[in-house]
Amino acid sequence: MSDNIIEVRNVSYGHSSNRVLDNISMDIPKGKLVMITGLSGCGKTTLLKIIAGLIEPDQGSVSIDGVDIFMVPRLKLFEMRRKMAFMFQDGALLSNLSIFDNIALPLRYHYNLPQDEIEKRVLSLLDSYGLKSLQSELPGSLSMIQRKLAGVARALVMEPTMIFADEPIGFMDVVAREQLSNMLIQMRDDPEVTLIAVGHNIEFIKMYADYIGILHDQRLFAYGEKNEILKSRDPVLQRILSIIIDETEMLAESVLGVMRGDINEQH
Amino acid sequence: MQFFEAFGAWFLRILENFLSFCAYNLLIARTLLSKRPKGQRASLRVLFKQVLFTGYDALAVVAFIALAIGAIAIIQSLNYLPLFGAEGFIGDVIVTVIIRELGPIITAFFVIGRSGTAITTEIGNMVVHHEVEALESMGVDPVRYLVLPRLFGFAAALVSLNVYFDIFAILGGFLVAKFVVVTSLANFLTQVLQTLLLSDVLISLLKGMIFGTLIALISTFRGFSVKISMTEVPQQTTKAVLNAISALFLADGIVTVIYYF
């Protein structure tokens, strides 16, 4: 019996003149951390959203636990999502709700819990991510990193068994990066939790991923167990990996350069 | 030929919009009839906030408009009714003009301009900032969470505002009548109540409910019609206002014809 919890078959997205993803197939085993990487703009986030059922592909299918999520009735898909969580790159918090209410929203919607139980769960998460003092603030008054952390807390409040993470540790400061890395590792070590993440951080991928997928030129250029991919002698694959590393370093340098420039101007 | 091409393209756009709106209404009806999630608090909060914003926060302005409309209607009537010896028909003016027609229409216009535009803008912004996608990712049905509470909130608010408008319009009319024809409140109210039928009140309330439902459906539909860019938000908001006004007059005409003919 297959251990695969998610099966992606022949997924394509975009018009033929402007294809974003072309004929992608992959199997995601239960309880593993799958990281999908590639150059900027290669369609990583789009693929992640298709696998999570947020975007419908133009062709192909995605099955979760044997259920084709694009053929299932709408309300059934919403029920399935109670145990699925999506961590957006920028948090995607509801701008008219406080941080507390944002995180409490899925609990209030799905369950008839007493207020003190909701408070207990939400405050515990807020405390874990250093956001307790900001619980009454609106998302607009938070920094980007704080919004992202709040988005993570909201994703975890329902104790999901399937987590989709879009650049979970991208462009974070050292403290936030460590918090989120620890969270991802903890989830990865839980055999009941399946994690699918997209990102550029090759060091993190090398250290923690179980499976790696590399998107290139609209296709899934390589997919398999981490060691198999990293030890591959395919020169094209090695070239793509080195370009991804360079791109990430260049971007980090340009951000640091801007920050240094700002600091020099101030002094 | 170019004319026919342009006309054809325009017609197809209108048809596509109309069919999308019909499909949207079917989705809402299906969600309304489907099993509710266990938690009610999330949607009830939205409903409460909507009634507060659309109804309660509008009371002062609606009272002012209603006083003015009532006064203006009586002033104009008192210009012409005495020419025919028909001063006694002031009550008919109040009932026919204000309670049956102007009350529901003006209240609805006010709600379109104030709350309808706010809803379209809010939902449109949520689409652009991926907040609707975030709701879906949590298993929160955007129709159940964003649309249904607003549907009930608008209908409830508009029915209440209608009654409120009618009371203040009658008061506005009385204030003019008191000074011009030197009548007492008791006389004035007697004239109004002699003309007013229970059916007039019920039709006025029915119109409020229909108008509120239409405004909520159209405003939320236009909000969800925003696709990617912030520039679409004001475009869809303008369309929401125009569509709602057109739908309002169409519905008013249909109800009036069905009931009064």
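**Exercise 1. Work out how strand S6 of chain A pairs with strand S7 of chain A, and over how many bridges.**

Step 1. In this predicted model, S6(A) covers residues 84-87 and S7(A) covers residues 162-166. Strands here are DSSP runs of E with at least two residues, helices are runs of H or I with at least four, and both are numbered from the N terminus.

Step 2. The two strands pair in the parallel sense over 4 bridges; pairing requires that DSSP finds at least two bridges.

Step 3. Now place the partners: A:Met84 is bridged to A:Met162, and A:Met87 stands opposite A:Ala165.

A word on conventions: residues are counted from 1 along each chain as its sequence is written, while chains are lettered from A and ligands numbered from 1 in the order in which they are written. Because the model is predicted, local features need pLDDT of at least 70 and side-chain atom pairs count only at pLDDT 80 or more, whereas totals for chains, interfaces and linings use all residues.

**Exercise 2. Decide which residues cover the two faces of S6(A).**

Step 1. Take the criterion: a residue is buried if 20 or more other C-beta atoms lie within 10 Å of its own, exposed if 12 or fewer, and partly exposed in between, with C-beta atoms placed from the backbone.

Step 2. On one side sit A:Met84 and A:Phe86, on the other A:Ala85 and A:Met87, and all of them are buried.

**Exercise 3. Find the strands at the edges of the sheet that holds S6(A).**

Step 1. Write down the order: S6-S7-S8-S3-S9-S10, an open sheet of 6 strands with mixed pairing.

Step 2. S6 and S10 (219-225) of chain A each have a single partner strand, so one side of each lacks a neighbour in the sheet.

Step 3. On average, neighbouring strands are turned by 15° against each other, direction ignored.

**Exercise 4. Classify the contact of H4 and H8 in chain B.**

Step 1. The axes of H4(B) (residues 90-128) and H8(B) (residues 198-224) come within 8 Å and cross at roughly 20°. Axes are lines fitted to C-alpha atoms over the stretch in contact, with angles from 0 to 180 degrees between N-to-C directions.

Step 2. That angle makes H4(B) roughly parallel to H8(B) (under 35 degrees; over 145 is roughly antiparallel, 65 to 115 roughly perpendicular, the rest oblique).

Step 3. By class, the contact has 13 nonpolar, 9 polar and 5 charged residues. Charged means Asp, Glu, Lys and Arg; nonpolar means Ala, Val, Leu, Ile, Met, Phe, Trp, Tyr, Cys and Pro; the others, Gly among them, are polar.
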